[in-house]
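Please look at the sequence and the 3D structure below.

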Amino acid sequence: MGVTGNMVFGAQYSHATSVLEVERLRALQMDPASWANDHPTIADDSNYDDHPELSGYQTLPEQDVKDDSEVEESPTTESDRRNRMSLQASGKASTAGDNDNKKDGVSEQACTKSDSTGSGSPVVVEGMKPNALNILQDPLLILRGLDYEAAMGDLHLIGTDHKSDEGLYALQRSKQKARFHKFKDMLQQPVVDLDVLRKLSWSGVPTAIRPIVWQLLVGYLPCNSDRRNVALERKRKEYQDGVQQTFARGIEGLDQTIWHQVFIDVPRTNPKMALFQNETTQRCLERILYCWAIRHPASSYVQGINDLVTPFFLVFLSAYIGEDQDPESYNISLLPQPILAAIEADSYWCLSKLLDGIQDNFTHAQPGIQRQIVKLRELICRIDAPLAAHLQSEHVEFIQFSFRWMNCLLMREVTLQHTIRMWDTYLTEHPHGFSEFHLYVCAAFLTKWSAELQRMEFQEIMLFLQDVPTDDWQEKDIELLLSEAFMWKSLFHSSPMHLTSTSK
């Protein structure tokens with residue numbers, strides 16, 4: 001398997017090769033005098049003396065790039081991308097994402113601004129937190145200056161979405177405020193008690209502190225605060241070194257079967273969400289998925305894994321942008337390269353932790369999914385016998401509709417924000433939240449539509465289950481789904497004979 005090669009994305013991962021240097025190399029192909037006149041701030045190193053943490057981060061000249069539809073339809077897309085990657089490897093192409101900046105209506109010029117003297121000193125990126133570069137070094141700094149109102153919004157994690165009952169609203173908000181401060185106090189302890197953190201997180205994690213909570217729950221960050229920053233730096237460097245080694249010989253040095261599947265799947269990932277149609281994001285996802293695949297040859301890459309990385313990527317992005325920014329539409333190309341690299345590395349390691357618990361879902365013949373489908377059928381026979389009998393009479397096989405539910409963890413059935421809320425709970429059901437507990441969530445999800453399904457014939461059932469009407473779901477619907485799943489798990493998980501005896 002050809003997995004070694006030159007670092008295609010060296011300018012993105014090597015501190016020694018900055019975007020500044022890439023621009024200089026590009027300048028060699030232009031008239032030096034005219035280029036220097038157009039880029040005075042990039043041509044002069046002295047402009048970065050007062051901002052060492054942003055050294056090498058500057059606006060790149062916008063290029064003409066085809067729009068998404070043209071790229072998708074072009075028969076030479078992969079060849080073009082390989083050429084672009086080769087140029088990036090040699091330092092002769094700019095960082096991807098310029099077209100996305102223009103398309104999103106936010107120019108990269110917002111990232112830098114010349115001061116009154118014309119020195120062009122970098123300033124804070126539009127939408128980025130003022131202390132984002134500090135959070136990069138110490139995730140706990142995400143709590144600095146954070147108050148309840150900023151962290152929770154209007155009614156986050158509460159069972160109502162409006163102030164229909166002022167008294168109830170005030171009571172709920174008071175409870176949530178106390179709960180938020182429990183989270184904050186716990187995260188500031190020298191050693192985080194994971195058992196207590198899991199109990200708190202089962203009912204949902206406040207949006208503003210979700211990045212660090214998820215990294216703790218998944219086992220990526222150490223509970224001991226003294227070890228946390230060192231471990232984080234080491235893991236990020238390990239991933240970056242792995243990317244350099246993997247892409248050291250460019251695209252031609254990769255396993256072409258794996259790369260091709262990753263290459264065609266990434267643009268299909270959340271196609272209606274601006275974040276995941278951004279070219280910078282797509283390059284990150286390609287590296288994450290390919291590197292994971294070659295490190296796990298027993299399963300390699302399987303369609304569906306591309307969906308599983310997206311909640312991590314969006315949540316970790318939110319750590320660095322303001323609470324007033326929408327991560328789903330944020331132009332990630334504006335962020336400094338060290339932050340982009342950290343989001344990518346953190347997403348890779350947390351995806352790896354998740355998949356470690358469900359890897360047999362993606363090995364040959366996908367035995368993990370096959371077992372879950374059998375258990376789902378047994379569970380439905382027990383908790384909703386009329387529905388099970390109707391599906392059988394209509395010759396509906398569970399594998400026909402539930403395979404995707406297991407493979408993609410219901411991500412195709414609910415919104416990404418609702419998936420993130422579900423994962424708050426899954427991560428607390430350690431270590432089997434994405435396997436055992438998810439089975440009971442699928443059972444609760446199916447029985448929710450029991451009455452409608454029992455009035456349908458085969459074709460109607462299949463069409464319905466392929467496009468379940470959850471567009472108008474609110475967070476309280478997800479809360480109810482999780483609660484019902486917990487009830488079924490409490491009743492049947494420790495008593496498997498109750499299931500097998502009724503399904504014979």
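## Contacts and overall make-up

In the protein chain, 75% of the contacts with a separation of 6 or more are between residues 24 or more positions apart. A contact means heavy atoms within 4.5 Å. This is a predicted model, in which local features need pLDDT of at least 70, side-chain atom pairs count only at pLDDT 80 or more, and totals for chains, interfaces and linings use all residues. Residues are numbered from 1 along each chain as its sequence is written, and side-chain values use heavy atoms, with hydrogens and water left out.

The protein chain has 28 helices and zero strands. Both terms refer to DSSP runs numbered from the N terminus: helices are H or I with at least four residues, and strands are E with at least two. Of the 504 residues, 55% count as buried. Buried means under 20% relative accessible area, exposed means over 50%, and partly exposed lies in between (1.4 Å probe, protein chains only). The accessible surface of the chain is about 22,400 Å², and carbon and sulfur atoms hold 51% of that area. Accessible areas come from the Shrake-Rupley method with a 1.4 Å probe; for residues, only the protein chains shown count as cover.

## A covered helix

Helix α12 spans residues 210-217, and eight of its eight residues are buried. They are Arg210, Pro211, Ile212, Val213, Trp214, Gln215, Leu216 and Leu217. The cover over these residues includes α10 (166-187), α11 (194-201) and α13 (225-246). It also includes α18 (310-318), α19 (337-356) and α23 (416-428). Just after α12, Gly219 takes a positive phi of about 90°.

## Aromatic rings

The structure holds 24 aromatic pairs. Rings of Phe, Tyr and Trp (its six-membered ring) pair if their centres lie within 6.5 Å; planes under 30 degrees apart count as stacked, over 60 as edge-to-face and the rest as tilted. The rings of Trp405 and Phe445 have centres 5.2 Å apart and planes at 85°, so this pair is edge-to-face. Trp405 lies in helix α22 (residues 398-407) and Phe445 in helix α24 (residues 433-447), so the pair ties together parts that are 40 residues apart in sequence. Both Trp405 and Phe445 are buried.

One aromatic cluster is formed by Trp202, Trp214, Phe312, Phe316, Trp423, Tyr426, Phe434, Phe437 and Phe486. Trp214 is also one of the buried residues of α12. Elsewhere, Lys235 lies over the face of Trp349, at 3.5 Å from the ring centre. A charge sits over a ring if NZ of Lys or CZ of Arg is within 6 Å of the ring centre and within 35 degrees of the ring normal.

## Cysteines

A disulfide is a covalent bond between the sulfur atoms of two cysteines. Here it is counted as a pair of cysteine sulfur atoms within 2.5 Å, and the count comes to zero disulfides. Cys408 is buried, with a relative accessible area of 2%. Cys442 is also buried, at 0% relative accessibility.

## Backbone details in loops

A cis peptide bond joins His430 and Pro431, with omega of about 0°. Pro431 is found in the loop between α23 and α24.

Ser300 is not a glycine, yet has a positive phi of about 55°. Ser300 lies in the loop between α16 (279-295) and α17 (305-308), and is buried, with a relative accessible area of 16%. His395, also not a glycine, has a positive phi of about 60°. His395 lies in the loop between α21 (385-393) and α22, and is exposed, with a relative accessible area of 63%.
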